[in-house]
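These are my notebook entries on one structure, written down in the order in which I looked things up. I begin with a question and then work through the topics one by one.

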Amino acid sequence: MTASPIGLKVWVEGIVQGVGFRPFIYSLAVDHHLTGWVRNTSGGVEIMLNGAPENVDAFMTALRANPPSLARLDRVETHPTPVQVFQGFEILASQSDPDQFIPISPDVAICPDCRRELFDPTNRRYRYPFINCTNCGPRFTIIRDIPYDRPKTTMAGFPMCPACRSEYDNPLDRRFHAQPTACPECGPQLYFEVNSQPIAEREDALQMARWSLAKGKIIAIKGLGGFHLACDATNSEAVAELRRRKKRSDKAFALMAFDSAAVERHAHLSPEERALLESHSAPVVLLNRKLDSLIAAECAPGQNTLGFMLPYTPLHLLLLEPMSGFPDALVMTSGNLSEEPIAYSDEDARERLSGMADAFLQHDRPIHMRVDDSVARVFDCQPYLIRRSRGYAPNSIQLPAPAPQILAAGAELKNTFCLTREKYAFISHHIGDLENYETLQSFESGITHFENLFRVKPEAIACDLHPDYLASQYAQQRAQRENIQLIQVQHHHAHLAACLADNGWNSDEPVIGLSYDGTGMGTDGAIWGGEVLMGNYSGYRRMAHLAYVPLPGGDLAVRKPARMALAHLWAAGIEWETDLPPVKALCYEERTALRSQVEHCIASPDTSSMGRLFDAASALIGIRQEATYEGQAAIELEAIADVNEKSFYPINPDNGPIQMAGLWQAIISDWRAGIPTPILAARFHNSIVHLSVVICDQIRSRTGCSTVALSGGVWQNQYLLTRTVDQLKSAQFTVLVHHQVPANDGCIALGQAVVAAHLLQAA
Ligand code: ZN
Ligand code: ZN
Ligand code: FE
C-alpha cells in the first residue's frame, strides 16, 4: 500500500545556475518517480514536486547530500502545497524578477569529460577549442545580464546547430541547458592574424601559433578574460624580448604548462599545491623552483619561486599539447603594457598589442568582462590568495551577519570593489591600480555591471580616508549625486575588518590587528603602514606603530629603496658612511639633495610604513637599491633569507613609537663584520617576527585579548608569515590569516563594506 501523493515546493538559493543544476534536479525527480517542474528565477531555483511522501523525502535527502560539484547551496526551503496533476517532470523557462538576485558562477576550468572528448578522434568535438558543458566553461566573462541564458551572453550570436540543440534540449545530456555549448559546426572559431590580416583558420591557425611559439616568437592569444602575451618560457632571448616590448623589466611572468607532471619538472609540488593547480578555479600558483629547471631565469629574476597555471580552457590545452620540439612551458602574461589593464576587446588588442606581438591567435567569441588570472599560493595546507580574480570572482563571500546594501570603493592600488546584500559580499575581480583612465573606466563599468547582476542599489558608499584616491573621488561624487551616506574607513582598520570577515568572525570582541603594508592614509595625515591596532568591525585603537620617518619624494621612495634606507638612517641618527651599499648607490649630489629634503621636510611626508622598512633593509644589506615594481626589494630580501637562521636583533617596543635605531646599528655592524647577506636577511625577518610577538604579548597582558589578525600586503611574505604564525601559536594566540581574499589591498573593499555595515546598523 502506498501513501497518497503530496505536493512540495522547494526554493534553492546559492550557486545554482550554470552548474548543471536543473538537469540534476530533472534526473533526480525522474529517478524518484516524481512529477512537477524546475525553473531558474533571478533569485535562485524553484522546484515543484508531486509524488509519494517517501519519494519526496528521498529526493530532498539526495539533493542536500550530493548536489552537482560546482553548485553551492546557501539556502534550501520547502513548503507543502496542494497536489496538482503534471504529465511528467519538466524544465520551465526562466523567470526574471527585478528585485531578486542569484550568485553568478565564475569561469570554470575545462572538466575531465570535456578534456577526454577534446582528444577523442571519434568525438564530433575532437580538437574543438571551445568545447564546454554544464560542468565547465566560460561564465562570468561572457554574461551580459541575468538570468543566465544564452541570449544574455556573448554566445548570443552563435545559433545552435541541430546536433547541439538536441543535446541542449535533452535533460539527460551533459550539455542540457549549457548556455555556452557549441561545436565546430555552429560555434566560435580560431584564426591566426598577422598585421591585422587573418592568414589561417581553425586547426591551421592553432598550428601556426604553436609553430611560431616554438620558433621564439611572441604571440598575443585571446583567452577567457582577455589577451595573453605568450612565448617559449625556456627561451631566454624570447623572454627578454617580451620584457623589452612590454616595458616590464623584472616583475615575474606567469607560466603555463600542459599538466601537473610538466609543472613538476620545474617546481616542487606538494599535494595541496597540486590540488590548487588542478582546481576548477585554476589560479597561477607560486611554487618553489627546482634548481635544475630549464625555465629561463628572465621569467622570474631575483626570485626562487615560479608562478604556474594549468591550461584552463580547451584552447590552452591544444596550445600546450606536448610534442617534441614544442616548448615545455609558455610565458602567459597579461596582454598589456606594464601598468595598463589587460586588453580584452579585439580592436583594443589590435591597437595596444600589435607593437608587442608578432602575431595574434584570435577567436570570434566576444569577452564581456575583462578578468585577469588569479594568483595564489599554499600556506598551511590551504589556498592563500594574492590576486582573487578569474575562477573566483564573482563568487560571493558569506558575511558573518546580514548587511544593508553597500558599495565599497576599495583602495587605490590592487583595487577591487565590493557590494553587499543580505549575507553576501560580492567582491569584484581584480581591477588593478587606479592610476590611468582605462582602469578607472573599467572600475566604473564594473560597478554598474555588478549592481545590475546582483540587483544592488547602495544605500551607502564606503571609501578610503584618502581624498585623492580615484576610488574615493568616485565614491564622494556618487554619494553626493545620489544623496546617500558616505562612510570613510581608515585603511588599516579596513585591513583588520577584512581579515575578521574573511574568517567569519561574528562577535564584537576586539582583536589585535597587525596591519602591515606599504601605504595607507592615517587619521593624523601621516602615511601609516606598520600598525598594531586593537579593534573590531565598529572601531579601533592604535596600540603601537613604527616610529615615523620621512618618505623622501613620496612615490620616488618606493622606486628607490636606497633613498628609503638613507631616510631611515637619518631618522635613527646614523651617519651615511660611504661604505654602506645604499650610500654608495647614490651619487654625492643626490645625497646632498636628499639630506636637505629630509632635514627641511620637503615633499617628505611622515611614514610608519612596514613595506618601506623592508625596502630600507633590502637596500642596507646590499640587495636592491632601485626597484622597478612595488615590493621588489622586499621580495628579493625574502628570497635570499637563510631559512635555517634563528637569531634576531631585539627591538624595544616600549616608550611610544617603535624606534629602529638599534636594529640598523646591529645590521650595519654585522654587515661590516662580514656576515653573509642570507644570514642578515634572515635576522632582519626574525627581528620583525620577534617584535610582533612581543607587542602582542604586551597587549594581551594589558587587555586579555588573545586573538591576532594578520592583514596587509607585507603578509604576502611567506618567511615572515610562517614564522609569525608559528610563534604566535606557540605563545597560545589564536591567529587569523586571510583565506578567501588576499592580505594585500585586494581585501580593502571587503573591510570597508563590513565596517560601513556595522556603522549603519548601529545608527
Ligand atoms: Zn565540461
Ligand atoms: Zn553545434
Ligand atoms: Fe594596505
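This is a predicted model: local features need pLDDT of at least 70, side-chain atom pairs count only at pLDDT 80 or more; totals for chains, interfaces and linings use all residues.

**Entry 1, the largest cavity.** How many nonpolar, polar and charged residues are in the lining of the largest cavity? I counted twelve nonpolar, five polar and two charged residues there, where Ala, Val, Leu, Ile, Met, Phe, Trp, Tyr, Cys and Pro count as nonpolar, Asp, Glu, Lys and Arg as charged, and the others, Gly among them, as polar. The lining comprises 19 residues, and those nearest the centre of the cavity are P138, L224, T313, P314 and R365. For its volume I noted about 140 Å³, and searching the whole structure gave two cavities of 30 Å³ or more. A cavity here is a set of points, on a 1 Å grid over the protein atoms alone, where a 1.4 Å probe fits but cannot get out, and lining residues have an atom within 4 Å of a point. Grid points are joined across faces, edges and corners, and the volume is the space filled by probe spheres set on the points.

Residues are numbered from 1 along each chain as its sequence is written, chains are lettered from A and ligands numbered from 1 in the order in which they are written, and side-chain values use heavy atoms, with hydrogens and water left out.

I found 23 helices and 27 strands in the protein chain, both being DSSP runs numbered from the N terminus (helices H or I, at least four residues; strands E, at least two). The radius of gyration is 27 Å, which agrees with the value near 27 Å for a compact globule of 763 residues; this radius is taken over C-alpha atoms, and the globule rule is 2.2 Å times the number of residues to the power 0.38. Along the principal axes, the C-alpha atoms fill a box of roughly 90 × 65 × 50 Å. Of the 763 residues, 60% count as buried, a word that means under 20% relative accessible area, with exposed over 50% and partly exposed in between (1.4 Å probe, protein chains only).

**Entry 4, the zinc ions.** For the zinc ion (ligand 1) I listed C111, C114, C133 and C136 as protein donors, each through SG and lying 2.3 Å from the ion. Donors are N, O and S atoms within 2.8 Å of the metal (3.2 Å for Na, K and Ca), and sites may look incomplete because water is not among the atoms. Why is the arrangement around this ion tetrahedral? The four donor atoms subtend angles of 103 to 122 degrees, and four donors count as tetrahedral if all angles lie between 85 and 135 degrees. C114 belongs to helix α3 (residues 112–118) and C136 to the loop between α3 and α4 (162–169), 22 residues apart, and both are buried.

The zinc ion (ligand 2) has C161, C164, C183 and C186 as protein donors, again through SG, at 2.2 to 2.4 Å. Its arrangement is tetrahedral because the angles are 102 to 118 degrees, and its donor residues are spaced C-x2-C-x18-C-x2-C in sequence. C161 is buried at 13% relative accessible area, and C164 is buried at 0%.

Distant parts of the chain are linked here, with H491 in helix α13 (residues 491–502) and D745 in the loop between β27 (734–736) and α23 (748–762), 254 residues apart. Both H491 and D745 are buried.

Helix α15 (residues 561–571) is mostly covered, with nine of its eleven residues buried, including R563 and H568. Just after α15, G573 has a positive phi of about 75 degrees. I then looked up V194 in strand β6 (residues 190–194), which is partly exposed at 27% relative accessibility. E589, in helix α17 (residues 588–599), is exposed at 55%.

Notes. Four donors count as tetrahedral if all angles lie between 85 and 135 degrees; four count as square planar and six as octahedral if opposite donors are over 155 degrees apart and all others between 65 and 115; anything else is irregular. On a 1 Å grid over the protein atoms alone, a cavity is a set of points where a 1.4 Å probe fits but cannot get out, and a pocket is an open set with protein on both sides within 12 Å along at least five of seven lines; lining residues have an atom within 4 Å of a point.
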